[in-house]
Amino acid sequence: MVFIDNEGVIKPQINLALEEYALRNFGDSEDYLLFYVNEPSIIIGRNQNTLEEINDDYVRNNNIHVVRRMSGGGAVYHDHGNLNFSFITKYKQENLNNFLKFNEPVIRILKEMGVPAQMSGRNDILANGKKISGNAQFSTGKRMFSHGTLLFNSDLGEVANALNVKMSKIQSKGHKSVRSRVSNIIEFLDTNDMELPDFKQRILDGLYQDRENFETYRLTENEWRSVHDLKEEKYGNWDWNYGKSPKFNIQRTKRFPVGEIDLRLDIQKGHIKNLKIYGDFFGQEAVHEVEDILQGVRYEPEDIAASIKKVDIEDYFGNIEREEFLDLIYGEDD
């Protein structure tokens, strides 16, 4: 495995551009590891409605970056006390949504440091029932990354201030507040003197302890130029980070084990004029393909079912049945 040196960059737009650039351009004969720390930021999941996930006034008044990532899942808060890691590897079907596969060595290292870490739910690492890490994935079909956060000594109060946490998510987890569900790793250590750079080095040393060769890669000038170009074209672009929300007259939302799926439909003269799919689910394919397939279809169960007959729903949303998706579009409200 090759460690990518991000040269201390703390701008989330550049770090996410670096991650995508490495995924698409670095050689497929090697696995890569990327660490980065971001300035105060909200990182939005690929399929989320940004303005409904953030406290927009607070974010603007406090100069918090808002950037959309390539992977699914929910919005997360980053700051100088949060270490982000990304494993960039060859794509394997059995590794998709297999977060334990990538997080086992991280959990081992945390346990060696005295943190009672364990994988829980679909994509979280918990310590004594509190979340210390959230994870997500993205695949091109040839390469993939599995990335996550490590809440080392983050300002947890800002999580509640900057994010609009949906009641459906709180209720589904049986918790009363964001603050009660998350915790910093430093709270579980025997010492309070450790700083984030020391923690980062402990994780890095632990990941390489069983390997003879440890290589660090530093990008060339041309590669950094390409990363910055990608940042300008995509991660620094309002359309990518916020997107345009079409008008709608029907909203249908349900939380599944794979996450929340939120449909916004604009029905005109009995046909689907616009469809926008939001949510914190994990899927391999881009959901705009499903939106395009249903564009112009009659808003009738038989027509909708016929239109997506050949669509592999799991590729877009994770482990849900076709009938469940159809019921969400047109079924009876709960």
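The following legends describe close-up views of a predicted model.

**View 1. Confidence along the chain of the predicted model.** The mean pLDDT of the chain is 90, and 93% of the residues reach a score of at least 70. Residues 167-180 form a stretch in which pLDDT stays under 50. For this stretch the model has 19 contacts beyond four places in sequence.

**View 2. The open sheet E4-E3-E5.** Three strands are arranged in the order E4-E3-E5, and their pairing is mixed. The edge positions belong to strand E4 (65-68) and strand E5 (76-78), each of which pairs on one side only. On average, neighbouring strands of this sheet are turned by 25 degrees against each other, direction ignored. Strand E3 (residues 41-44) runs antiparallel to E5, and 3 bridges join the two. Within this pairing, Ile42 has Tyr77 of E5 as its bridge partner.

**View 3. Helix H1 against strands E3 and E4.** Helix H1 comprises residues 12-25 and lies across E3 and E4. The helix runs at about 20 degrees to E4. Strand E4, at residues 65-68, is one of the edge strands of its sheet.

**View 4. The open sheet E12-E13-E14.** This sheet has 3 strands, ordered E12-E13-E14, with antiparallel pairing. Strand E12 (250-256) and strand E14 (271-279) each have a single partner strand, so one side of each is left without a neighbour in the sheet. From one strand to the next, the twist averages 15 degrees. Over 7 bridges, E12 pairs in the antiparallel sense with strand E13 (residues 259-268). Ile250 is bridged to Leu265, its partner in E13.

**View 5. Helix H13 packed on the sheet of E12 and E13.** The strands concerned, E12 and E13, are joined by 7 bridges. Helix H13, spanning residues 322-330, packs on the sheet and touches both E12 and E13. The direction of helix H13 makes about 145 degrees with that of E12.

View 6. A probe the size of a water molecule, rolled over the atoms, shows where empty space is left. The count comes to 1 cavity of 30 Å³ or more. The volume of the largest cavity is about 70 Å³. Its lining consists of Gly72, Leu96, Asn97, Phe99, Gln137, Phe138, Phe282, Gly283 and Gln284. By class, this lining has 4 nonpolar and 5 polar residues, with no charged residues.

Key
Residues numbered from 1 in each chain as written. Predicted model: local features only at pLDDT ≥ 70, side-chain atom pairs only at ≥ 80, totals over all residues. Heavy atoms only, no water. 1 Å grid on protein atoms, 1.4 Å probe; cavity = no way out; pocket = protein on both sides within 12 Å on 5 of 7 lines; lining within 4 Å. Points joined across faces, edges and corners; volume = space filled by probe spheres on them. Nonpolar A, V, L, I, M, F, W, Y, C, P; charged D, E, K, R; others polar. pLDDT = per-residue confidence, 0-100. Contact = heavy atoms within 4.5 Å. Pairing = 2+ DSSP bridges. Helix = DSSP H or I, 4+ residues; strand = E, 2+ residues; numbered from the N terminus. Axes fitted to C-alpha atoms, helices over the stretch in contact; angles between N-to-C directions.
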